[in-house]
Amino acid sequence: MGMGADHLHYIGCTERALGDQAGIVSDLTNSSRGDIAQWVRQAGDSGAISIFEIESAPSLENARESAQFWCQYYKLLGARVVSDLS
């Protein structure tokens, strides 16, 4: 999830369809860490948020593992990404 092209900020997973952007934003603003929830709220309010799929997974557990991998990968490349996955 990012704000505009070439700006990846948050990596996470959801069971919602990607087309349900309002539901995804609502989930994140209600259940994420404060900094992530605030960023999602501000980006959503400005209409500058872009939600896209990096990888699909057969289960929520696999999705969490995949999200953790991609978060670490992009951090190694120097991106400043955040996640609320533990």
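The side chains of Arg16 and Asp20 meet in a salt bridge, with N and O 2.7 Å apart; the term denotes a side-chain nitrogen of Lys or Arg within 4 Å of a carboxyl oxygen of Asp or Glu. The model is a predicted one, in which local features need pLDDT of at least 70 and side-chain atom pairs count only at pLDDT 80 or more, whereas totals for chains, interfaces and linings use all residues. Residues are numbered from 1 along each chain as its sequence is written, and side-chain values use heavy atoms, with hydrogens and water left out.

**Charged network**

Arg16 also forms a salt bridge with Asp27, the closest N and O atoms being 2.6 Å apart. This pair links distant parts of the chain: Arg16 lies in the loop between strand E1 (2–3) and H1, and Asp27, eleven residues away, in helix H1. Helices (H or I, at least four residues) and strands (E, at least two) are DSSP runs numbered from the N terminus. Through shared partners, the salt bridges join Arg16, Asp20 and Asp27 into one network. By the stated rule, the count comes to two salt bridges. Side chains of opposite charge can pair when their charged atoms come close.

Relative accessible area is classed as buried under 20%, exposed over 50% and partly exposed in between, with a 1.4 Å probe and protein chains only. Arg16 is partly exposed at 36%, Asp20 is partly exposed at 27%, and Asp27 is partly exposed at 32%.

**Helix H1 and its packing**

Which residues of helix H1 (residues 21–31) are buried? They are Gly23, Ile24, Val25, Leu28 and Thr29. These buried residues pack against helix H2 (34–46) and strand E2 (49–50).

| Residue | Relative accessible area | Contacts |
|---|---|---|
| Val25 | 16% | Val40, Ile49, Ile51 |
| Thr29 | 17% | Ala37, Val40, Arg41 |
| Ala37 | 5% | Leu28, Thr29, Ser32 |
| Ser83 | 15% | Tyr10, Ile11, Arg33, Ile36, Cys71 |

Val25 is found in helix H1. The C-alpha atoms of Val25 and Val40 are separated by 6.6 Å, although the two residues are 15 places apart along the chain. Thr29 also lies in helix H1, and a polar atom of the Thr29 side chain lies 3.1 Å from the backbone oxygen of Ser26. A polar contact is a pair of N or O atoms within 3.5 Å; within protein, one must be able to donate a hydrogen and the other to accept it, and residues adjacent in sequence count only if both atoms are side-chain atoms. Ala37 belongs to helix H2. Between the C-alpha atoms of Ala37 and Ile11, 26 residues apart along the chain, the separation is 13 Å.

**Nonpolar cores**

A nonpolar core is a set of buried Ala, Val, Leu, Ile, Met, Phe, Trp, Tyr and Cys residues joined through side-chain atoms within 4.5 Å. The largest has eleven residues: Tyr10, Ile24, Val25, Leu28, Ile36, Trp39, Val40, Ala43, Ile49, Ile51 and Val82. H1 and H2 each supply at least two residues of this core, and the largest share, four residues, comes from H2. A second, separate core of five residues includes Leu8, Ile11, Cys71 and Val81.

**Ser83 and its surroundings**

Ser83 is found in the segment after helix H3 (60–76). A polar atom of the Ser83 side chain lies 3.0 Å from the backbone oxygen of Ile11. Ile36 touches Ser83 as well as Tyr10, Val82 and Asp84, residues up to four places away in sequence not being counted.

**Surface patch**

Where is Leu77 placed? Leu77 sits in the segment after H3, and at 57% relative accessibility Leu77 counts as exposed. Together with Phe69 and Tyr73, Leu77 forms a nonpolar patch on the surface, with about 310 Å² of accessible area in all. Patches are made of residues with over 30% relative accessible area and no salt bridge; like charges are joined within 9 Å, and nonpolar side chains (Val, Leu, Ile, Met, Phe, Trp, Tyr) within 5 Å. Accessible areas come from the Shrake-Rupley method with a 1.4 Å probe, and for residues, only the protein chains shown count as cover.

Terms used
Contact means heavy atoms within 4.5 Å.
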